[in-house]
Amino acid sequence: MLTVAAMVRETLYATLRFVSWYLEQGADLIVLCFDDPDDPAIEILQNMDRLRCVRITLAFLKSVGMTPDRRFVRRQNKCIQKIYHETDSGWFLHVDGDELLYLEGRTLKEELAQTPDDIRGITFLPAELLNTAPASTVSSFRLLMSRPQVRNIYGDYTRDMRRRSGLIGHTEGKTATRAGFKDASMRQHFLHFEDLLPVVDRKMGAADGAYLLHFLDQGYDVWRAKLAWRLSARGFSGRLTLRLQEIVDGADAEAGLRDVYDVIHRADAARLAKLDDQGVLFQHDLKIDTLIAHYFPHIDLQRDTMVAYTR
């Protein structure tokens, strides 16, 4: 039994991408906890096989000791912990709605089925999406980097990028854990006991053909719209936060912010070549639209509502 759970507040496209991907990965049950209980995706998904939609209402939050004003991550951990403790057997994977786990030559269910019994949890390390506009059928992701690799690739931005090993998002990865640890608590990246030791016995990454594909970047406009929140919520390393705040407070902020975005999220041919040369580039045609069309043949992927729900 493989259960995949996420607390989501995504565009409709991203939600359908998530569901399609993990159905293809062999999930026996996908549990989506909708942070907005009126999310329009619920109407599309609520009657699907192998899928459970949970509306995060005031009553649900109260049942896990939370209120709507608590930080998203706190609400997320408590809600997903409840779902985990309701899972009786098999494996439980907790990921975000913008994270797809890719394994070369096998599905997630196949990987977990061959895992030795003494392995309680497996952490899958992240690969972070790069903006390589103009659009291509091949998606490009950067991997975790050593400090020399960061310096080689990012030059003047080395001190901004090295704290998170060349990434902007998290570096810890996400964990698949066996069900049944009733005395453990859910964290964003793993389950842990009271002594804070994570329930993790193995880590897998590029060397194992395993990539937690993090679709962090959604283009400059979305990045700009979320910038104030990210600056206040430790969404960047300390050094990069200071650089961005100085630009926001200065003259001609928009031009400066665009320049920073281009450095930290975009990759032209020269940068892709550097990443490849350093062995920290993963590229693949994920065929996402084909996958969505297979599971949702009645959905028009071109309609405006696919991208309009971005609260």
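Biologist: Are tyrosine 84 and phenylalanine 92 buried or exposed?

Modeller: Both tyrosine 84 and phenylalanine 92 are buried. Buried means under 20% relative accessible area, exposed means over 50%, and partly exposed is in between, with a 1.4 Å probe and protein chains only. Bear in mind that this is a predicted model, where local features need pLDDT of at least 70, side-chain atom pairs count only at pLDDT 80 or more, and totals for chains, interfaces and linings use all residues. Residues are numbered from 1 along each chain as its sequence is written, and side-chain values use heavy atoms, with hydrogens and water left out.

Biologist: How many aromatic pairs does a search of the whole structure find?

Modeller: A pair of aromatic rings is described by the distance of the centres and the angle of the planes. Rings of Phe, Tyr and Trp (its six-membered ring) pair if their centres lie within 6.5 Å; planes under 30 degrees apart count as stacked, over 60 as edge-to-face and the rest as tilted. Here the search turns up 12 aromatic pairs. In one of them, the ring centres of tyrosine 84 and phenylalanine 92 are 5.2 Å apart and the planes are at 85 degrees, so this pair is edge-to-face. Another, between tyrosine 102 and phenylalanine 282, is tilted, with 5.6 Å from centre to centre and 40 degrees between the planes.

Biologist: Which strands do tyrosine 102 and phenylalanine 282 lie in?

Modeller: Strands (E, at least two residues) and helices (H or I, at least four) are DSSP runs, numbered from the N terminus. Tyrosine 102 is in strand 5 (residues 99-103) and phenylalanine 282 is in strand 14 (residues 281-284), so the pair ties together parts 180 residues apart in sequence. Tyrosine 102 and phenylalanine 282 are both buried. They also belong to one aromatic cluster, along with Trp21, Phe141, Tyr211 and Phe215.

Biologist: Which ring does arginine 17 lie over?

Modeller: A charge sits over a ring if NZ of Lys or CZ of Arg is within 6 Å of the ring centre and within 35 degrees of the ring normal. Arginine 17 lies over the face of phenylalanine 215, 4.2 Å from the ring centre. Arginine 258 has its charged end over the ring of tyrosine 220, at 3.8 Å from the centre.

Biologist: How many disulfides does the structure hold?

Modeller: A disulfide is a pair of cysteine sulfur atoms within 2.5 Å, and this structure has zero. Take cysteine 33: the closest cysteine sulfur, in cysteine 79, is 6.0 Å from its own, too far for a bond. Cysteine 33 is buried, at 0% relative accessibility, and cysteine 79 is buried at 0% too.

Biologist: What is the volume of the largest pocket, and which residues lie nearest its centre?

Modeller: Rolling a probe the size of a water molecule over the atoms shows where empty space is left. On a 1 Å grid over the protein atoms alone, a cavity is a set of points where a 1.4 Å probe fits but cannot get out, and a pocket is an open set with protein on both sides within 12 Å along at least five of seven lines; lining residues have an atom within 4 Å of a point. Grid points are joined across faces, edges and corners, and a volume is the space filled by probe spheres set on the points. The largest pocket has a volume of about 1800 Å³. Its lining has 45 residues, with Val73, Asp96, Gln188, Trp229 and Gly235 nearest the centre. Helix 4 gives the largest share of that lining, five residues.
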